[in-house]
Structures are given as C-alpha cells and as structure tokens.
Amino acid sequence: MWQSSYQLDNNARSKSQSLNFINGYMMAKHHPEDCTISKSDSSDCRFITAPLSTEKEVDDPTDVSGRYSITRKKADRDNNNLALPFCPESKLPSFIEHDRLVLLFNAYYEEDVHQSLEEEKILHACEVYFYVEDGTMEIIQTKTENSGIVQGKFLRRSKVVKPGTSLHYGIDDLKIGNTLDICSRSFRVVNCNESTRRYVLEHHGWSFHDVQPIALPRDHFAEMNRAKMMRESGVPGVDRKRKMNDLKVVMESQLGKQSSMTDRGMFLEHGTDALCFHVTWDDRSRLYGNIQYFRLIYHLADDTIEIVRASNTTRDGTATFPKLLKRSKLPKSGQAFDNSDCYSWKDLAIGQLINVFGRMMLIVKCDQFTRAHYQSHGIELKEDLPLVVEEKKVEIRRIVPPPNGFGSEEDSLRSCTGSINPPPLKKDLSSNKKSGIVLHFNASLVVDDDADDSIRKFAIHFFLEDDTISIQEPPIRNSGYVGGQFLRRQPINHISASDMYVGNMVEVVGHQFLLRDADESTFKLMECDEKTFPYSDTARLQRILSTKQDMIRAYFVSHYDGNGNLDLEGLSKCCSAIGIVINHAELITIWRRIKRNNSSGLVPFNKLLKFATEETSFASK
C-alpha cells in the first residue's frame, strides 16, 4: 500500500515533453494539474483529438482508412495515450524534408567601365545558392586575382522579391538562360552543378533544354591579364606572383642558377655588336605633331631592337624621355604580344618604313659598322638620306571679319589684333586742305511707294576731311517717326567722295538711300573739283554738246511752242532726243550752267545753243 502511493506521487509530479511530432504535425500534450493516472479518473482528463469518421470501423491500429474505432479508443484510454490524427495525406514539414538541400547555379552580370581605355565592360561571375527548405537565396561573387574590386558575398541569405510584384523568386525562375533582376543588376543563369540538374529534372519537371549550359561571354581584359601573368611567371599556367624580368634572371645566375643555353651561340659569335640606324618619325598629320628623331639599335646577339631619342638641341618643346622602346623584339604587325613575325636585321634598310607599334618610322642613315656588316653579307645599302626634313611652311592668311555694327570699322579691325585693344589713333586733320568742308544732300529711302518709309526724308552729310558720313532725319508731324540722329559720324569703307552725287544710290548700314538734291555750296564745291566729281565737269559736258549743235537747233525748231523757254524736264527730253546719254547729276550741272543769274525756273533755249558753241571762250575761263 505504501509502495503504490509512492509510485502514484512520483508519477503525478513527473513532467513529460509538452510537444511531439505525430505524422508530420506538431501536437501539444495536455496534462491537467488535477489529473491522476488511475483508471477511474483517466477518462476525465482525456482529450479525443482524432476525427470521428462515418466510414467503416477498423480494428487494425495501422489502418488509417477508417474512422476512429471503439477498440482503439479503449486501448488508448487503458494505455494513457493520446489519439493520433492519421490521414493519407500526412507528410513531413518542409524544413525537415528538405533539410540541408541547396541548389547551386552559376550566373554572371556585366558592369560598364567608363574610365578605362583597355576595357569597356567588366564581367562578374557569381554563384547563386537556392535553399529549398525556405526558398531563400544567397549570391557569392567569384574572386578574381588582381582585379582591384571588393569581391565575396554579394547577397546574404534572404528571400528576393521580383521587381514590380510582391512574389519571391522560386526554383522555376532559375532556369538556365533566364535573367534575374536583383539589386539593380541583371544576373543571367548559365549553368548548374550535376546534383542540382538531377533534382530539378526529377522533382520539378524541367526539360533538358532548361538545364543546358550556356558559355560565358569572353572577357578580353581578363584574358589579357591571364596572358600577362603566364608571360611574367616563366611557366605557362603557373602564377608565381612575381615578374620574371631581366634583372631577376641576372640575380639568379649570380646566386648559382644555371642559365639557358638557347641563344648562347649567337652571343659567342656577335658578343655586344649592334647595328645603329637613324630614324625619323613624321607626326605632322596629327594636331600639334612634328618631326622627331631617334636612333634604332639592333642587337645581333638576340635579335632585339632598342629605340632611343637622338640628342635634341633645338628646344622644340617635346618631352626629353630617353627611350621610346626598351630592348625587346619588335613585331612587324605593330601589335603587342605578337612575337610570331618580328623584324630582323635583313628587314632594315635605308629608305625603309618600319612599324613601331603604330608609329611609321623612316630609316634615313646608318653608321660605318652597320654598312660594313651588310657588305660582308653581300647586301649594299643606299646612300644616306638627309636627316633634317624640310618642313612645309603653312601660309597663314588673316581673314578680317565684317563689321558687326557696334562702333566704327576701325574698332572692329582693332579688335582682331589682340584681346586688349586701345582705341585707334585719330588722324591729325589740322593740316588737311579739306578740313571743315562738308557736302550736304537730301535723300530718301529706296522702298516701294506704298511703304510707310516712303515719306521719310534724310539729310546726309559727307565730311571730305576724313571721308566720314553722318545722317539725320527731320521729324514729320503725326507720322510716328520721331526723327533725330539716324547714324552718328563714322567712316564707311565702300563709300568715297566720288560716290556722292545727285541721283546716285548709296548703301549705308543695310539701307539704300537715293540722293535727291544738294545745297548750293555742295554744287559749287563739286564743280570746282572735276577730278573728284567727274559728273560736275562743265568743260567735259560742253564738249559733248558742241558735237550736237545742229541737232539741238533742229529739235527746238520742231518743238517750238511760241515762247522759246526751256525747263529742266525739257532739257532732259532734248538730250534724250539728240542721243546724249547723261545721268541726273550731269543734267543738273548743264542746267546750272545755262541758268546762271536767272532765278526763275525757265531758261531761253538759245542759252543752251550758246553754251554748246562757246567752246573756246569757256575753255579759256
């Protein structure tokens, strides 16, 4: 009796696990506080969790196709067991079923390079890990030696949302050839490992086309770096992390390492003998290019070429670097790392062009040792070419721009000579004979009759002392034109004093003006200077009329109207009738001569005849 009560007390105080996995479901165990393990009280704390089915009742505990039978209920009560939620669709949870199942895909993305002449784009190879248990992804960038870029983990393990949606990337989005937009970069899937390929073919129904690998694009910059490391390491495919240069070979030989016997025969035959040529590089076709002079040294021991700058005493401003090409083999193609076909001493001759990595150089001269070496092999070199090439002088012609309308033309010309330009010097007009002499003309704009500018009148003043022009416009009431100064006094290059006569059209600052009339002083000045104003030469006009005396008489006889008077229009008709072609200025000159001392607008026609017949007396005057 004591023993059973002790056992009951221990069973009541014991605490079992509160959680349990049953057929893939996590179930909670219920232990009421007042519940004992006695058979009489066990029914009070028991929970029936299995669903009651209307199907047939089965006695087999392993059969889950039927309902929860009475036999199984009694057995569970007797054994103090909880009912299990058996069902045909029961399975393990995803984090247990796919525990440590990771799919590996290979991908890459490209990035533009803007500040390099050797590469345009850089290719980043990555490994994409997809964790099937929770659908997370991890991206690790493959490390490249001597890349200068921080590499390693690109994306930590997390779920990645598709751009523009709320969905996450899944396994079906990682088919080979697909592009994933992650963190503003486009990753293209190109391959996967063998275990990943088997898994997606068996469990996700992918086709063989979906797992067909794609080759990575060629990275020319990476290939060039690999070739460089293979070349510098001494053994192809082995990266020694140190350069195998000439100094290193010499130092290793001093420490006891045996050198190669490949080219020792040429060295024993020629020793330090070298051929020397003078070459020129004409770079004048390029902007700021010039002619540069170099010495080409060909070493016979190992068929290498060295190009050094010749002594420069002209101080032409070029950089004084000592070497253009260090001692090495020179490929004929002009491409670096191409040692398939290189220059030998038989390819070098006077007058021959050689390609030094894109620089076409002309061999113009050689020394006596070089010439003797070629003669010993039966080759005769040409005579030396002139070393200094005569440069073509470019004729620079200054083109003067037209005036822009601001200031005088002297100011515009002065602005073409430099950035800081003082005003042009003014002429000393104190000793000029024409100082203070001004020609005054009335003018109008050459426009259509119905244009608004047809009513505008202008006063043009031409100053003979410095051939300058000023234009004023008198105001017209109720016309809308205020008037005033139209053009301040300034020189006009294409207008001289001989162009200023009545009836002529002159163009000033884009406007054409017709000179309609002049004042009395202007006419007198022009008549006194026949050389400058040929249309005001009275003697020349009198000689023309003297040859038409009979025709003038016949004209007035046929056109006599009774008074015998003549006006300016009649004089113009008379000159046209007798075949004299004169302009308006010459007509005014004749009219002023025959109208002398007559204030009226009519002149007797016999004065015209008298003017035509007074050749001797007029010439003496």
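Modeller: Before we start, a term: helices are DSSP runs of H or I with at least four residues, numbered from the N terminus. Also, this is a predicted model.

Colleague: How many helices and strands does the protein chain have?

Modeller: The protein chain has 16 helices and 22 strands.

Colleague: And what share of the residues counts as buried?

Modeller: Of the 621 residues, 30% count as buried. The accessible surface comes to about 41700 Å². Carbon and sulfur atoms account for 52% of that surface.

Colleague: What about contacts between residues at least 6 apart in sequence?

Modeller: For those contacts, 47% join residues at least 24 apart.

Colleague: Let's go to α4. Which of its residues are buried?

Modeller: In α4, residues 194-203, the buried ones are T196, R197, Y199 and V200.

Colleague: Why do they line one face of the helix?

Modeller: Down the axis of α4, the buried residues fall within an arc of 165°, so they line one face. As background, an α-helix has 3.6 residues a turn, so residues three or four places apart point the same way.

Colleague: What does that face pack against?

Modeller: The buried residues of α4 pack against β3 (102-112) and β8 (185-192).

Colleague: And what follows α4?

Modeller: G205 follows α4, and the phi of G205 is positive, near 70°.

Colleague: Now α8. Which residues are buried there?

Modeller: In α8, residues 368-376, they are T370, R371, H373 and Y374. They cover an arc of only 160° around the axis, which puts them on the same side of α8. Q368 and S376, on the other side, are exposed.

Colleague: Where do the buried residues of α8 pack?

Modeller: Against β9 (274-282) and β14 (359-366). Those two strands pair antiparallel over five bridges. In that pairing, H278 has K365 in β14 as its bridge partner. Strand β9 also runs antiparallel to β10 (291-299), joined by nine bridges. There, W281 stands opposite Q292 in β10.

Colleague: What comes after α8?

Modeller: G378, with a positive phi near 80°.

Colleague: Switching to aromatics. How many aromatic pairs does a search of the whole structure find?

Modeller: Eleven. One of them is F105 with W206: tilted, 6.5 Å centre to centre, with 40° between the planes.

Colleague: Which parts does that pair tie together?

Modeller: F105 lies in strand β3, and W206 lies in the loop between α4 and α5 (220-233), so the pair ties together parts that are 101 residues apart in sequence. Both F105 and W206 are buried.

Colleague: And why is the pair of W345 and Y374 edge-to-face?

Modeller: The planes of W345 and Y374 stand at 75°, with the ring centres 5.5 Å apart, so the pair counts as edge-to-face. The cut-off for that class is over 60 degrees. W345 is in the loop between β12 (323-328) and β13 (353-356), while Y374 is in helix α8, so parts that are 29 residues apart in sequence are tied together.

Colleague: Are W345 and Y374 buried or exposed?

Modeller: W345 is buried, with a relative accessible area of 13%. Y374 is buried too, with a value of 1%. Buried means under 20%.

Colleague: Which residues form an aromatic cluster?

Modeller: Y109, F154 and F187 form one.

Colleague: Next, the open sheet of six strands. What is the order?

Modeller: The order is β18-β17-β16-β15-β20-β19, with antiparallel pairing. β18 and β19 stand at the edges with a single partner strand each, so one side of each is left without a neighbour in the sheet. The twist averages 30° from one strand to the next.

Colleague: How do β15 and β20 pair?

Modeller: β15, residues 438-445, pairs with β20 in the antiparallel sense over five bridges. F441 has A518 in β20 as its bridge partner. Helix α10, residues 520-528, packs on the sheet and touches β15 and β20. The direction of α10 makes about 115° with that of β15.

Colleague: Last topic, backbone. Which residue between β17 and β18 has its place in the loop?

Modeller: N478 sits in that loop, between β17 (468-473) and β18 (484-491). Its phi is near 60°, positive in a residue other than glycine. Most residues other than glycine have a negative phi. N478 is exposed, with a relative accessible area of 83%.

Colleague: And what is the phi of V509?

Modeller: Near 45°, again a positive value in a residue other than glycine. V509 is in the loop between β19 (505-508) and β20 (511-518).

Key. Residues are numbered from 1 along each chain as its sequence is written. This is a predicted model: local features need pLDDT of at least 70, side-chain atom pairs count only at pLDDT 80 or more; totals for chains, interfaces and linings use all residues. Side-chain values use heavy atoms; hydrogens and water are left out. Buried means under 20% relative accessible area, exposed over 50%, partly exposed in between (1.4 Å probe, protein chains only). Contact means heavy atoms within 4.5 Å. Accessible areas come from the Shrake-Rupley method with a 1.4 Å probe; for residues, only the protein chains shown count as cover. The arc is that of the directions from the helix axis to the C-beta atoms. Two strands pair if DSSP finds at least two bridges between them. Axes are lines fitted to C-alpha atoms, for helices over the stretch in contact, and angles run from 0 to 180 degrees between N-to-C directions. Rings of Phe, Tyr and Trp (its six-membered ring) pair if their centres lie within 6.5 Å; planes under 30 degrees apart count as stacked, over 60 as edge-to-face and the rest as tilted.
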